[in-house]
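The sequence and the model are shown first.

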Amino acid sequence: MGFRMSAIVQAKHVIRRALSTSLSVDVVPKGHLAVYVGETERKRYIVQVSYLKYSSFQSLLYKGEKEFGFDHPMGGLTIFCTEEDFIDITRSLN
């Protein structure tokens with residue numbers, strides 16, 4: 001499965017902006033990013049930036065890009081999948 005490089009570059013810009021302009025009490029630690037996961041009700045997760053290099057995580061980002069785009073008002077990336085699927089995928093990356 002090929003993943004468009006421009007999508008990764010866009011995601012990195014959004015991540016940098018989200019990390020630098022975070023006004024939330026929940027500060028995202030350096031080397032991590034906030035993602036919002038869920039099909040209807042979205043829950044915030046903090047994940048390692050290193051997850052961006054894995055094809056399974058890139059696939060989630062691609063689905064999120066198709067559904068929501070990368071410019072998100074909540075300051076994080078939105079991933080369109082169930083929380084259970086997200087947890088299974090990120091657990092396999094550790």
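**Basis and conventions**

Contact means that heavy atoms lie within 4.5 Å. Leaving aside neighbours within four places in sequence, I79 is in contact with V35, Y36, V37, G38, F57, L60, L61 and F86.

The model is predicted: local features need pLDDT of at least 70, side-chain atom pairs count only at pLDDT 80 or more, and totals for chains, interfaces and linings use all residues. Residues are numbered from 1 along each chain as its sequence is written, and side-chain values use heavy atoms, with hydrogens and water left out.

**Overall architecture**

The protein chain has 3 helices and 3 strands, which run α-β-β-α-β-α from the N terminus on. Helices (H or I, at least four residues) and strands (E, at least two) are DSSP runs, numbered from the N terminus.

Of the 94 residues of the protein chain, 37% count as buried; buried means under 20% relative accessible area, exposed over 50%, and partly exposed in between (1.4 Å probe, protein chains only). The accessible surface comes to about 6000 Å², of which 53% belongs to carbon and sulfur atoms. These areas come from the Shrake-Rupley method with a 1.4 Å probe; for residues, only the protein chains shown count as cover. Among contacts between residues at least 6 apart in sequence, 55% join residues at least 24 apart.

**Strand pairing**

Two strands pair if DSSP finds at least two bridges between them. β1 and β2 pair in the antiparallel sense over 6 bridges, with L33 opposite V47 and V37 opposite K43. These two strands form a hairpin with 5 residues between them, and G38 in the turn has a positive phi of about 145°.

β1 also pairs with β3, in the parallel sense over 3 bridges; here V35 stands opposite L77. Because 5 of the 6 residues of β1 are buried, this strand is largely enclosed by the rest of the structure.

**Nonpolar core**

A nonpolar core is a set of buried Ala, Val, Leu, Ile, Met, Phe, Trp, Tyr and Cys residues joined through side-chain atoms within 4.5 Å. The largest one holds 15 residues, of which V35, V37, V47, F57, I79 and F86 touch the most other members. At least two residues of this core come from each of β1 (32-37), β2, α2 (55-68), β3 (77-79) and α3.

Within helix α3 (residues 83-93), F86, T90 and L93 are buried. Seen down the axis of α3, its buried residues fall within an arc of 45° (taken from the directions from the helix axis to the C-beta atoms), so they line one face of the helix. E84, R91 and S92, on the other side of α3, are exposed.

A search of the whole structure finds 3 aromatic pairs. Rings of Phe, Tyr and Trp (its six-membered ring) pair if their centres lie within 6.5 Å; planes under 30 degrees apart count as stacked, over 60 as edge-to-face and the rest as tilted. Y45 and F86 form a tilted pair, 5.1 Å centre to centre with 50° between the planes. Since Y45 lies in strand β2 (residues 43-48) and F86 in helix α3, the pair ties together parts that are 41 residues apart in sequence. Y45 is buried, with a relative accessible area of 16%, and F86 counts as buried at 1%. Ring pairs link Y45, Y51, F57 and F86 into a cluster.
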